[in-house]
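Work through the following exercises with the sequence and the coordinates open beside you. Each task is followed by a solution that goes step by step.

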Amino acid sequence: MSMITLALSKGRIFDETLPLLAAAGIEVLEDPEKSRKLILPTNRPDVRVVLVRATDVPTYVEYGGADIGVTGKDTLIEHGGQGLYQPLDLRIAKCRVSVAVRSDFDYAQAVRQGSRLKVATKYTSIAREFFAAKGVHVDMVKLYGSMELAPLTGLADAIVDLVSTGNTLKANQLVEVARIMDISSYLVVNQAALKLKQAPLRRIIDAFASAIPAEKN
Ligand code: AMP
């Protein structure tokens, strides 16, 4: 019996993957919010869950530290997605990548005049491509968190960040001025594992596919 290792990040992705795992007959036996363990057992002796940082999921799966994983499209684009089989859009952990500025900043003017825009973000690839397509020159400031702070402190004119309800932007007096792309989480599979552990992985992929939430309008 070969072991299947599934890489997940704590929080929304973990929580929203649980129903998909249940559809595959897999139940995680410990709560990651209560346990300090990084390897969580399941009810199946041949399946275990490893908890990694969201941005590390593609790396774990690419190099075989995990056979499969669940990761946001944003993370996948920034990683590059090389070496990963991406069979399913799971339609979970949905949000969008947007541009936001201080409410007193004239974004339309800044973009129209072709002036340089100072952009702070964790999503440098997505931001670079978006502004390049618009012909806007960008000075990119790479951050790892609390992006909302950048326009408030003068570090940047604009941020590129994930937006879900918009509450975080509102709480920091920022306004969403452009939607770059819709985001959801994907199942990613190590390509060698897909050959070596084909039958058990196929069963999990098929069970996940049958349990994907319906498209809401
Ligand atoms: P909200 O206030 O609901 O718009 O959520 C925005 C905050 O939650 C930002 O700090 C985002 O980085 C984070 N966020 C929203 N959706 C997601 C998601 N699907 N995955 C990870 N982080 C998210």
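**Exercise 1: the largest pocket**

Task: Determine which helix gives the most to the lining of the largest pocket, and how the lining residues divide by type.

Solution. Helix H3 gives the most to the lining of the largest pocket, namely four residues; helices and strands are DSSP runs numbered from the N terminus (helices H or I, at least four residues; strands E, at least two). The model is a predicted one, in which local features need pLDDT of at least 70 and side-chain atom pairs count only at pLDDT 80 or more, whereas totals for chains, interfaces and linings use all residues. Residues are numbered from 1 along each chain as its sequence is written, and side-chain values use heavy atoms, with hydrogens and water left out.

A pocket is an open set of points on a 1 Å grid over the protein atoms alone, where a 1.4 Å probe fits, with protein on both sides within 12 Å along at least five of seven lines, and its lining residues have an atom within 4 Å of a point. On that basis the largest pocket holds about 980 Å³ of space and is lined by 41 residues, of which Ala54, Asp74, Lys122, Tyr123 and Leu162 lie nearest its centre. At least two lining residues come from each of H1 (12-23), H3 (73-79), strand S9 (158-163) and H7 (167-171). By type, the lining of this pocket comprises 15 nonpolar, 15 polar and eleven charged residues.

**Exercise 2: the second largest pocket**

Task: Find which strand gives the most to the lining of the second largest pocket, and state the volume of this pocket.

Solution. The volume is about 220 Å³. Strands S6 (95-102) and S10 (174-183) each supply at least two lining residues, and S10 gives the most, with three. Among the residues that line the second largest pocket are Asp89, Arg91, Arg179, Asp182 and Glu215, and the whole lining divides into three nonpolar, two polar and seven charged residues.

**Exercise 3: the ligand**

Task: Identify which residues have a polar atom at a stated distance from a nitrogen atom of the ligand.

Solution. Begin with the surroundings (a heavy atom within 4 Å), which include Arg12, Ala93, Glu148, Asp161 and Asn167. A polar side-chain atom of Arg12 lies 3.2 Å from a ligand nitrogen, and a polar backbone atom of Ala93 is 3.0 Å from a nitrogen of the ligand. For Asn167, a polar backbone atom is 3.5 Å from an oxygen atom of the ligand. Of the 490 Å² of accessible area (Shrake-Rupley method, 1.4 Å probe) that the ligand has on its own, the protein covers 68%.

Notes:
Grid points are joined across faces, edges and corners, and a volume is the space filled by probe spheres set on the points. Ala, Val, Leu, Ile, Met, Phe, Trp, Tyr, Cys and Pro count as nonpolar, Asp, Glu, Lys and Arg as charged, and the others, Gly among them, as polar. A polar contact is a pair of N or O atoms within 3.5 Å; within protein, one must be able to donate a hydrogen and the other to accept it, and residues adjacent in sequence count only if both atoms are side-chain atoms.
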